[in-house]
Structure formats: structure tokens, C-alpha cells
Amino acid sequence: MNGPRDRPKGLILGGTCELALALAPGLIEKGFFPVLTWRDPEGREKIDVSLVDYSGRYETVRFNLGDPLSLETLFSKDPGFDFLVDFAQGDYETLIAAADEDRIRVYFSENVASRAILLKRVARGMLRLKRGRLIYVSSSAAERPAPGQGVYAAAKIAAEALYRNCGLELAGKGITSVILRAGYVQAGRGRAFLETNPEIIRQVPLQRALEAEEVTETILFLLSPVAVGINATILTLDGGLSAGKTGIAKH
């Protein structure tokens with residue numbers, strides 16, 4: 001992984017998800033050099049097919065939060081990134097009283113402990129560069145979880161705390177962070193959920209789900225120099241879902 005250093009180089013965790021694949025062209029066209037992560041060969045192929053028009057202007061790398069060896073490989077090849085956009089999140093939804101204890105341990109190890117180690121490595125590389133931007137794409141479930149989302153929401157909140165503290169601790173060194181809490185989005189698992197639960201949109205004051213482009217354009221703004229003052233904080237992008245009481249909007 002040796003992208004041109006005249007272009008800001010960024011690590012995109014969860015690089016095979018629909019939002020990451022929608023973000024990558026925008027990054028490339030604005031002069032960034034994204035490095036998208038994949039977990040299996042099918043994921044790598046998915047990235048290459050999606051970005052076929054951008055050959056040579058991005059890279060891919062195998063990375064799995066649950067695999068310490070992939071962490072070592074990632075940073076042995078490229079110790080420094082100008083920015084990080086983190087879409088990665090395991091999906092484990094179950095009622096707390098019914099949760100499998102071994103899965104709980106593994107889930108938090110991968111999504112919290114391994115993420116903390118990753119952030120340490122990324123931050124140290126940014127310290128050498130004397131600059132950096134960290135963006136964590138969280139979920140409105142962190143504030144407003146549904147039954148069965150307790151484990152998922154707890155991991156999201158823990159990850160938010162890690163990113164917030166990076167911004168608190170490193171802003172004086174030129175490294176800032178921001179958490180973006182997205183609501184219902186017409187992409188990936190969000191689209192599948194909305195297809196089976198269309199009535200949920202009535203709870204959103206905006207009365208619709210977000211489009212992938214709205215999320216990716218927000219991320220591009222947060223990567224711009226004018227957004228540097230948005231640091232160590234949470235931005236909510238959910239159409240107003242979490243602003244009021246739970247319930248069906250009446251019109």
C-alpha cells in the first residue's frame with residue numbers, strides 16, 4: 001500500500017459496505033486516495049467491480065477486527081494515514097436475557113477492544129505526520145435502541161467514546177475526530193430493515209429515510225478543512241428521529 005503522498009491517504013474500514021463504496025468515488029474525485037478494507041476475496045472483488053472506473057486511484061487491503069494478524073499486516077505495509085473513516089461493525093442483535101455468553105465476549109473483543117488497538121496504531125501514525133482526521137460512522141441506535149439492540153448499542157457507544165477521546169487528547173497535535181450518528185438509510189442492512197418495516201418511517205419527522213449520497217456528502221464535508229472545528233463530538237443525521245419522544249408522527 002504505497003499510494004501517492006501528494007494526495008491525502010485514508011483508511012476506510014468496512015470498505016465493502018454500500019456506504020463505503022458510495023463514498024470512495026467522491027473521495028477520489030476530491031483528490032483523496034482511499035484504502036478500502038475487505039475480509040474475504042469476495043469482498044475484494046466487490047470493491048474492484050464497484051470502482052472499476054477508478055483503477056490505480058485506490059487500494060484495498062485485507063483487514064478483520066477479529067484477526068490480530070491482519071492488524072499487524074495492515075500497519076507493517078503502511079504505518080501512516082491522513083484520515084480514517086470507520087464503517088465497520090459486527091451485527092449481533094438479541095435480547096440481553098437470551099444472549100449467548102461466548103458471542104458477547106467475542107463481539108466486544110472485536111468491536112471495542114480491537115477497535116481501541118486499531119485507533120492507537122492509526123493515531124501514532126498520524127502523530128508522525130502531524131495531522132489526521134478520524135470519523136466514526138455510528139448509529140442512532142446508540143441513543144435510541146430497539147429491543148434486541150442492547151449489545152449492538154453498547155458497542156457503538158463504547159466506540160464513540162474512543163473516538164471522542166482521540167479528539168480530546170490529540171487535537172493539539174493536529175488530529176481531530178467526529179462521530180456521525182446516522183439514522184435510517186436506504187443502504188445495506190438499513191434498506192433490508194426498511195423493506196420489512198416500512199411503517200417505521202412514520203416516526204421520522206422528515207418522513208423518509210436518508211439516501212446514501214446524503215451520508216457520504218456529509219462525510220466529505222467533515223473531511224474538509226472548514227469542518228476541523230467539529231471535533232470530539234457527535235453529529236446526528238437521522239431526520240429528527242432522536243429529537244423527540246418515541247411514537248408515530250401525526251399529520
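1. Is Phe-108 buried, partly exposed or exposed? Phe-108 has 27% relative accessibility, so it counts as partly exposed (buried means under 20% relative accessible area, exposed over 50%, partly exposed in between, with a 1.4 Å probe and protein chains only). Tyr-107, at 6%, is buried.

2. A quick word on the model: it is predicted, so local features need pLDDT of at least 70 and side-chain atom pairs 80 or more, while totals for chains, interfaces and linings use all residues. Residues are numbered from 1 along each chain as its sequence is written, and side-chain values use heavy atoms, leaving out hydrogens and water.

3. Now the rings. Tyr-107 and Phe-108 make an edge-to-face aromatic pair, 6.0 Å centre to centre with 90° between the planes (rings of Phe, Tyr and Trp, the last by its six-membered ring, pair if their centres lie within 6.5 Å; planes under 30 degrees apart are stacked, over 60 edge-to-face, the rest tilted).

4. Tyr-107 has another partner. Its ring centre lies 6.1 Å from that of Tyr-92 and the planes sit at 55°, so this pair is tilted. Tyr-92 is in the loop between strand S4 (83-86) and H4, Tyr-107 is in helix H4, and 15 residues separate them (helices, H or I with at least four residues, and strands, E with at least two, are DSSP runs numbered from the N terminus).

5. Put together, Tyr-92, Tyr-107 and Phe-108 form one aromatic cluster. Both tyrosines, Tyr-92 and Tyr-107, are buried. The whole structure has six aromatic pairs.
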